[in-house]
Amino acid sequence: MSAIRISGLRKTYGDNVAVDDLSFEVAEGEVYGLLGHNGAGKSTTIEIMEGHRERTGGEVSVLGLDPADGGRELRDRIGIVLQTSGTDVELTVRETIELYGSAYRRRRTVDEVVDLVGLEEKVDARVASLSGGQKRRLDLGLGIVGYPELLFLDEPTTGFDPAARRRSWEMIQGLCSLGTTVVLTTHYLDEAEQLADRVGVMARGKMVAEGTPAELMSASPTTTISFELPHEVDPDALLVPATATYEQSGGATTCLIETTEPTRVLAEVMGAASSRGYELTGISVRRPSLEDVFLGLAGERPEGEEASA
Amino acid sequence: MSWPSTLSLLARQIRYQMLVFWRTPVALFFTLALPLFILLLMSALFGDTTVTVNGSEWPARQFFTGGLAAFTAVSATYTNLANVVPIRREEGILKRWRSTPLPTPIYIGGFVGSALVLAFLGAVLMIGVGVVFYDLQVEAAKMPGAILMFVVGVSAFAALGMAVAGMVPTASSAAAVANATILPLAFISNVFIVSGDDAPGWMTTVGNLFPLRPFVLSIQDSFNPFVEAPAIDWARIGFVALWGLVGLALAVKFFSWEPHPSGTTTRRRRRSGD
């Protein structure tokens, strides 16, 4: 049974095509990560699923309902953690959770919510006094107060420091273990790797790859072998393939070899080095990270955007 | 599981908006404290004098109290909603509510309902102060008419406030529009100063084009010793109601859950989105 079924989804703003013939499904209980640069169409897609945006074309079914007219019934069964949303800072955490909970047919108690998102100590504090990370946890708490069958998380940890991100991941994993289906967008690859059962990579409004993080990584068969090249040694003498690249830093030269036959290349290079009496330092053999795969699929970052992963 | 009842949801929304209002000192000051201060000031300055309206003299306090009660009600509805709704919209609060199963009319009802409650409290406060401290005379026979005009008036001004909130893109400009429309109108609508017989004719003419003057005049008539009970002026009530219906139509047409894309003015937790 699919929690979400999307086929041929299209969204245009004038001449600008934000989402182009997008199709994917999310199974019940699955954590699905939508990955892509800013402007790839992730947020537009998630907002169409939430019922916040109208689509230009295609079929969308969320929990068996069409989000364009799912109305109250749909919003009762889903939880939404928006990228940009606020709460009244004049209220306390307790008042806020009670208030938002009151809109749902089934609702968690305040104690249960603050326990799940780790705001126990702040329950009677005004929202105005919360830190950015605590406000984001309150966002998450309000997303789950109505026992959602399906939770949308739009860039749940953007702007967090590493420690806060780890804590949020643990919290989200805790929620996932309750059996909730989760759809999250992110441009952090480690986040997708950490949280998602399956990942869809979007670029320019299209899905360019889909699978488990492991599948995506094994789809790219190259392995990178690297080591520090000894001074005044000709790479040819070490049988380094001509495709190798070199990086200079601090007077040392690092040799990088991308290969689909790591065993053979490694044996030849190591054999040549040891027979000539060279000791190689900084040897590493690295499988592609999701980031390597992602950059290959999604292409270069759009102009003017800071590195965020 | 059944839905929570509409009435309990609406009551909770009104309580919520009232609570936020009470905890916002600046809103409290401009909506309730400032008109009260003006009443005290006017009464101290002119309390024992008389004003002449349409050839009849009456104690100034009878005049000021009714006018300021009406003005407070307009502040609590029109000015208040045109301020508060766009701020909530820019803070993303409206969009968050739209993510919940709360029906839209109940959410809007919370805003409007709390404004109406506030208008009522403000008017009662003004008249209460007038009665207790300034010997304001309240004629029971005129109260049904006053209440009728009051209910029609605050509903109309609430609708107009929602219309401004929807039509003006940013919170700061919506607040400016609300003040820039209501304050000049107040001066030609008998709120602070009498624009009676000796006022320039154009002032009265312009004042009569807008709903504030008929609203204020009707409430003042309820405290005017020279106007016979029941003091119901159907033409004025109809005129204010008409403005209210126009406001309602505009409010429904232009209501928006999200800020206008071209610019926001207040702190909005905007992060690197697409």
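Me: Is the crossing in which H5(B) passes H6(B) left-handed or right-handed?
Reply: H here marks a helix, a DSSP run (H or I) of at least four residues, numbered from the N terminus. A crossing is left-handed if the near helix is turned anticlockwise from the far one by less than a right angle, and right-handed if clockwise. For H5(B) passing H6(B), the crossing comes out right-handed.

Me: Before we go on, what kind of model is this?
Reply: Residues are numbered from 1 along each chain as its sequence is written, while chains are lettered from A and ligands numbered from 1 in the order in which they are written. Local features need pLDDT of at least 70, side-chain atom pairs count only at pLDDT 80 or more, totals for chains, interfaces and linings use all residues, and the model is predicted.

Me: At what angle do H5 and H6 of chain B pack?
Reply: H5 covers residues 104-134 and H6 covers residues 143-167, with their axes 10 Å apart. Axes are lines fitted to C-alpha atoms, for helices over the stretch in contact, and angles run from 0 to 180 degrees between N-to-C directions. On that scale, the two helices pack at about 135 degrees.

Me: So which word describes how H5(B) and H6(B) lie to each other?
Reply: Angles under 35 degrees count as roughly parallel, over 145 as roughly antiparallel, 65 to 115 as roughly perpendicular and the rest as oblique. H5(B) and H6(B) are therefore oblique.

Me: Which residues of H6(B) make the contact with H5(B)?
Reply: Being in contact means that two C-beta atoms, placed from the backbone, lie within 7 Å. H5(B) brings B:Val112, B:Ala115, B:Leu116, B:Ala119 and B:Ala123. From H6(B) come B:Phe150, B:Val154 and B:Ala158.

Me: Is B:Ile14 buried or exposed?
Reply: B:Ile14 sits in helix H1 of chain B, and has 20 other C-beta atoms within 10 Å. A residue with 20 or more such neighbours within 10 Å is buried, one with 12 or fewer is exposed, and anything in between is partly exposed. B:Ile14 is therefore buried.

Me: And which residues is B:Ile14 in contact with, leaving aside neighbours within four places in sequence?
Reply: B:Pro214 is 200 residues away along the chain, and its C-alpha atom is 29 Å from that of B:Ile14. The contacts of B:Ile14 are B:Gly110, B:Gly113, B:Ser114 and B:Val117.

Me: How many residues of H9(B) are buried?
Reply: H9 of chain B spans residues 212-221 and is mostly covered. Its buried residues, among them B:Phe215 and B:Leu217, pack against H3, H6, H7, H8 and H10 of chain B. The count of buried residues in H9(B) is 10 of 10.
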